[in-house]
Amino acid sequence: MQVLVGKLFPFTMFICLMNIIVLPLVSSSSQQHVKSIDSIADKKDSIHKVSHKLMFEIRLHGFLLWASMGFLMPLGILAIRMSNRQECGTRLKILFYVHVVSQILSLLISTAGAVMSVKNFNNSFNNHHQRLGLALYGIIWLQALTGVLRPCRGSKGRSGWFFAHRLLGTAISILGIINIYTGLRAYHEKTSRSIKPWTIVLTAEISLIAFVYLFQDKWLYIQKQGLILGDESVTPK
């Protein structure tokens, strides 16, 4: 019996020693495993939060640039084009101030969109939308500078200024509208979401603006034709 106890005692001590050494290690590894799982879950939640925040910033950036390039800039161009039919008076001043205010707001909103893109987005400039946007930001501020340096009517440099100001304004409008479409395309590629409704709405809006822009001179021509026909019907030959 003593011999059996003597043989079992080392084995029992070995088991107890292994329990003392191994169990803390197993417990520690299990806790680390749980912590790693929690860390992965936290990272997933963090990625979800960042992507949700990034989605909001992308939409806000698109809305700001649409308001600037797709609405206020064309509105100012329509206003100044309509003022060409007014020789003097209150309506001429109103249209001129509509043009100035809309262009200033367009400049401020597009600048806010540019600051947002530089601060929050990956500006590697490896696509057409970012490159065209960078060129637009420079041209917009150049156009604002030409607006501030507007010569008086009848001065020597008025004709050259008018040509440059009108050329820059037309270029900004066309490139801005193109960049809205490229922005919608970039949004679709990044989020895989449908852009068809927004494309249809934007196309309808641009078509309406272009129709009003082109129809102004035609409407004046139609009115003059009616007056001429009326005079011819009344005047005897």
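From the N terminus on, the elements of the protein run α-α-α-α-α. That gives 5 helices and 0 strands. The model is predicted. Its average pLDDT is 75, and 69% of the residues score at least 70. Of the 237 residues, 24% count as buried.

**Confidence**

- Over residues 1–11, pLDDT stays under 50. For residues 1–11 the model has 0 contacts beyond four places in sequence.
- Residues 14–50 also stay under 50 in pLDDT. Here the model has 2 contacts beyond four places in sequence.
- Where pLDDT is low, the predicted coordinates should not be read in detail.
- Helix H1 is assigned to residues 2–83.

- Among contacts in the protein with a separation of 6 or more, 70% join residues 24 or more positions apart.
- Val98 is found in helix H2, which covers residues 90–120. Val98 is partly exposed, at a relative accessible area of 33%.
- The C-alpha atoms of Val98 and Leu72 are separated by 9.8 Å. Along the chain these two residues are 26 residues apart.
- Leu214 has its place in helix H5, residues 196–234. With 58% relative accessibility, Leu214 counts as exposed.
- Leu214 and Leu78 are 136 residues apart along the chain. Their C-alpha atoms are separated by 9.8 Å.

**Annotated transmembrane regions**

- An unreviewed UniProt entry places the feature "transmembrane region" at residues 7–26, 63–82, 94–118, 130–149, 161–183 and 195–215.
- Residues 161–183 are 100% helix and 0% strand in the model. The end C-alpha atoms of this span are 32 Å apart.
- Residues 195–215 are 95% helix and 0% strand. Their end C-alpha atoms lie 30 Å apart.
- The annotated span 7–26 comes from the record.

**Aromatic pairs**

- The count comes to 4 aromatic pairs. One of them joins Phe63 and Trp66, and this pair is tilted. Its rings are 5.9 Å centre to centre, with 35° between the planes.
- Phe63, Trp66 and Phe71 form one aromatic cluster.
- Trp66 counts as partly exposed at 30% relative accessibility. Phe71 is also partly exposed, at 40%.

**Charged side chains**

- The structure holds 1 salt bridge. Arg185 forms a salt bridge with Glu189, and the closest N and O atoms are 3.5 Å apart.
- Both residues lie in helix H4, residues 158–191. Arg185 and Glu189 are 4 residues apart, about one turn of the helix.
- Arg185 is partly exposed, with a relative accessible area of 47%. Glu189 counts as exposed at 57%.
- Glu189 is classed as exposed because its 57% relative accessibility is over the 50% cut-off.
- Arg81 takes part in a charge–ring arrangement. The charged end of Arg81 sits over the ring of Tyr213, 4.1 Å from the ring centre.

**Arg158**

- Arg158 lies in helix H4. At 14% relative accessibility, Arg158 counts as buried.
- Arg158 is classed this way because 14% is under the 20% cut-off.
- Which residues is Arg158 in contact with, leaving aside its neighbours within four places in sequence? They are Arg150, Pro151, Cys152 and Arg153.

Definitions and conventions: Residues are numbered from 1 along each chain as its sequence is written. This is a predicted model: local features need pLDDT of at least 70, side-chain atom pairs count only at pLDDT 80 or more; totals for chains, interfaces and linings use all residues. Side-chain values use heavy atoms; hydrogens and water are left out. A salt bridge is a side-chain nitrogen of Lys or Arg within 4 Å of a carboxyl oxygen of Asp or Glu. Helices (H or I, at least four residues) and strands (E, at least two) are DSSP runs, numbered from the N terminus. Buried means under 20% relative accessible area, exposed over 50%, partly exposed in between (1.4 Å probe, protein chains only). Rings of Phe, Tyr and Trp (its six-membered ring) pair if their centres lie within 6.5 Å; planes under 30 degrees apart count as stacked, over 60 as edge-to-face and the rest as tilted. A charge sits over a ring if NZ of Lys or CZ of Arg is within 6 Å of the ring centre and within 35 degrees of the ring normal. Contact means heavy atoms within 4.5 Å. pLDDT is the predictor's confidence in each residue, from 0 to 100. UniProt positions are given in the numbering used here, feature names are shortened, and annotations may be inferred rather than shown by experiment.
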